[in-house]
Amino acid sequence: MFGGALQTAQRSASLTVALTMALSAAACGSAPPPAPTTRPGDAGEIGGSAVPMALRVSVDQPMRAAFSELAKRFQIDHPGTQIQLTFKSSPQLVDELGQDPAPDVLVVQDVDMSKAAQAGRVRDPAAFASNRLVIVTPPGNPNHVAAFADVTRPGTRLAVCAPVLACGAATERVASSLSVQLGPAQTQDTANAVVDAVAEGRADVGLTYSSYAHGEDSRVTTLSFPGDSVSVQRYSIAVTATSQNQNRAKQLVDSVRGGDGHRFIATFGFGAP
């Protein structure tokens, strides 16, 4: 009996000591364990769920379809990342780099990326894709167009991009390089409209970028032509210098520049850089 009483007393004393220590720690202001944190540029996890993080990506207009799909794939592979896409002309995107909200990733034409790099607004830009001018005709090429000069045949209704568009500027470069004088043409406000004009019978032939004619096989026939190299437009991608999500932005850039990214971009009619 005495032994049992002694054990009871010892347990009581131990509990008293433990309680005293706990109260003493509380009185001294001991902090609770730190909450989970995330590293800059990464979506972390709290309680097993991803912490949402916005990644802003500014993309040149011709890349709209490709990057809309790329964004979906990246978000699936990186839970918690929410990609916010902005599509405008390449020069306009570069001009807006100093405005809020600033993008984390920039995707523009080479010439405009060079300007951004010279101004110190991007880091390690790299070319990842290219576009080039093509001829589009009604299915089967009924007028047997084979060369750039063929689009100027008498009576041929030609549709071209407006000069302010990249595909319009490319058309002018090719015409100058090949010494071809383009006659009256239907000037379209978008590259897609050139394809539509031919597909709908309003034009006999059109000149547009390959990415816009890609996937339109049931509506038009797409032809390359000798001398198209001067029309090539390359696109570059880079993390911006002001990005607050450098790690995740670089992951997106790497995914685009990698082998899988190149193959995916090619499915939208873009060539290698």
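This is a predicted model: local features need pLDDT of at least 70, side-chain atom pairs count only at pLDDT 80 or more; totals for chains, interfaces and linings use all residues.
Student: How do you know how far to trust the chain?

Tutor: The chain averages 85, and 81% of the residues score at least 70. Local features need a pLDDT of at least 70, side-chain atom pairs count only at 80 or more, and totals for chains, interfaces and linings use all residues. Residues are numbered from 1 along each chain, and side-chain values use heavy atoms, without hydrogens and water.

Student: Which residues have a pLDDT under 50?

Tutor: Residues 1–48 stay under 50. The model has 28 contacts for them beyond four places in sequence. Contact means heavy atoms within 4.5 Å.

Student: What makes a set of residues a nonpolar core?

Tutor: Its members are buried Ala, Val, Leu, Ile, Met, Phe, Trp, Tyr or Cys, joined through side-chain atoms within 4.5 Å. Buried means under 20% relative accessible area (1.4 Å probe, protein chains only). The largest core has 56 such residues; M63, F67, V107 and F128 touch the most other members.

Student: What does F128 touch?

Tutor: Beyond four places in sequence, its contacts include M63, F67, V107, Y235 and P273.

Student: Where is the second core?

Tutor: It is separate, with nine residues, including L97, L106, M113 and A238.

How values were computed:
pLDDT is the predictor's confidence in each residue, from 0 to 100. Buried means under 20% relative accessible area, exposed over 50%, partly exposed in between (1.4 Å probe, protein chains only).
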